[in-house]
There are 2 protein chains.
Amino acid sequence: MEREENTVFSIDYKSRIPLYQQIVDNVEKLTLRGILLPEQQLPSVRALAMELSINPNTIAKAYAELEARGLIYSLPGRGSFVSGDQADLRNAAREQLREQMHSLRKEAQSMGFSDPELDELWQSCREEAKA
Amino acid sequence: MEREENTVFSIDYKSRIPLYQQIVDNVEKLTLRGILLPEQQLPSVRALAMELSINPNTIAKAYAELEARGLIYSLPGRGSFVSGDQADLRNAAREQLREQMHSLRKEAQSMGFSDPELDELWQSCREEAKA
DNA sequence: CATAGTGTACTATGCTTACTAATACAGCTA
DNA sequence: TAGCTGTATTAGTAAGCATAGTACACTATG
């Protein structure tokens, strides 16, 4: 009489965000926050599919993207596991954030906003984002 | 022998960005930078469609979105014109930027990044975005 | 009044892409 | 052998984009 409550994953079936993307985001955040530890085995494609009541292919697609990003690695016949170096994962995420900030700045500049103006906006978001 | 070079618009037909979206972006930047002035008349739906060799419906869709955002207003039988208050347009753009910054911060926080860490990243983008 | 130009609305079609599903295949391990 | 893994292939569904054609109502011009 086991209760498999592996549900650390929060999925919104009514969201416009694709299911596989939500899986990816979940795993990414869980690894970066240290909830999922290096070398830890992830739920199998079929098991997680059953648990979340979605198609195994959707999980497989999510795992494939996670593997492409280097966050996990998969061994056919064995399973899928969190990648080893947590510091590397964090650095990769940092670079990704930098890219997004860079794009935002560049677009803002093309609209004629100055650097000090943007910095002020950035700071004004600081307290607001606590919620 | 007139040469109608109204082409302040830069359109990339091979881009994945929808044509109508490129029109919107063009008008937005041109108004915010003061190239297009308040009350100035925009090229007609059909004229711009001819000039850019795209369908009039695509231009109409772009103008409709621009009107919904309040950047322009259209008078059936007259034409389409840049909205009056440039300061308002700029403030609207500012708020939109704030929204994007807010989202970025919130997502970064959910990945376990601290405020000082994010500020440092933000500053590091400052010189990089000059190009 | 007639004409031409304006924005707008509507339907239909082709095309591409993204997402999800169904099925089958191949490897590992007890 | 049996049952679990990940993976590959194919197909169906939906949505977005652009085009085309047609029609309507309004406005300015002559």
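**View 1. B:Arg105 is a buried residue in helix H4 of chain B**. With a relative accessible area of 0%, B:Arg105 counts as buried (buried means under 20% relative accessible area, exposed over 50%, partly exposed in between, with a 1.4 Å probe and protein chains only). Its helix, H4 of chain B, covers residues 86-110; helices are DSSP runs of H or I with at least four residues, strands are E runs of at least two, and both are numbered from the N terminus. From B:Arg105 to B:Glu127, 22 residues along the chain, the C-alpha atoms are 20 Å apart.

A word on the model: it is predicted, so local features need pLDDT of at least 70 and side-chain atom pairs count only at pLDDT 80 or more, while totals for chains, interfaces and linings use all residues. Residues are numbered from 1 along each chain as its sequence is written, chains are lettered from A and ligands numbered from 1 in the order in which they are written, and side-chain values use heavy atoms, with hydrogens and water left out.

**View 2. Chain A meets chain B**. Here 36 residues from chain A and 36 residues from chain B make the contact (heavy atoms within 4.5 Å). Together the two chains bury about 4300 Å², 58% of it on carbon and sulfur atoms; buried area is the accessible area (1.4 Å probe) that two parts lose on being put together, summed over both. Look for A:Leu104, A:Met111 and A:Trp122, which supply 17% of the area that chain A buries against chain B, more than any other three residues.

**View 3. A salt bridge joins B:Arg126 to A:Asp115**. The closest N and O atoms of this pair are 3.7 Å apart. Between chain A and chain B there are 6 salt bridges (a side-chain nitrogen of Lys or Arg within 4 Å of a carboxyl oxygen of Asp or Glu). On the side of chain A that touches chain B, helices H1 (19-32), H4 (86-110) and H5 (115-128) of chain A each give two or more residues. H4(A) brings the largest share, 14 residues.

**View 4. B:Met101 reaches across to chain A**. Leaving aside neighbours within four places in sequence, B:Met101 is in contact with A:Leu104, A:Leu118, A:Leu121, A:Trp122, A:Cys125 and B:Trp122.

**View 5. A:Asn26 sits in helix H1 of chain A**. At 11% relative accessibility, A:Asn26 counts as buried. Its contacts, apart from neighbours within four places in sequence, are A:Val8, A:Phe9, A:Ser10 and A:Ile11. A polar atom of the A:Asn26 side chain lies 3.2 Å from the backbone nitrogen of A:Ser10.

Conventions. A polar contact is a pair of N or O atoms within 3.5 Å; within protein, one must be able to donate a hydrogen and the other to accept it, and residues adjacent in sequence count only if both atoms are side-chain atoms.
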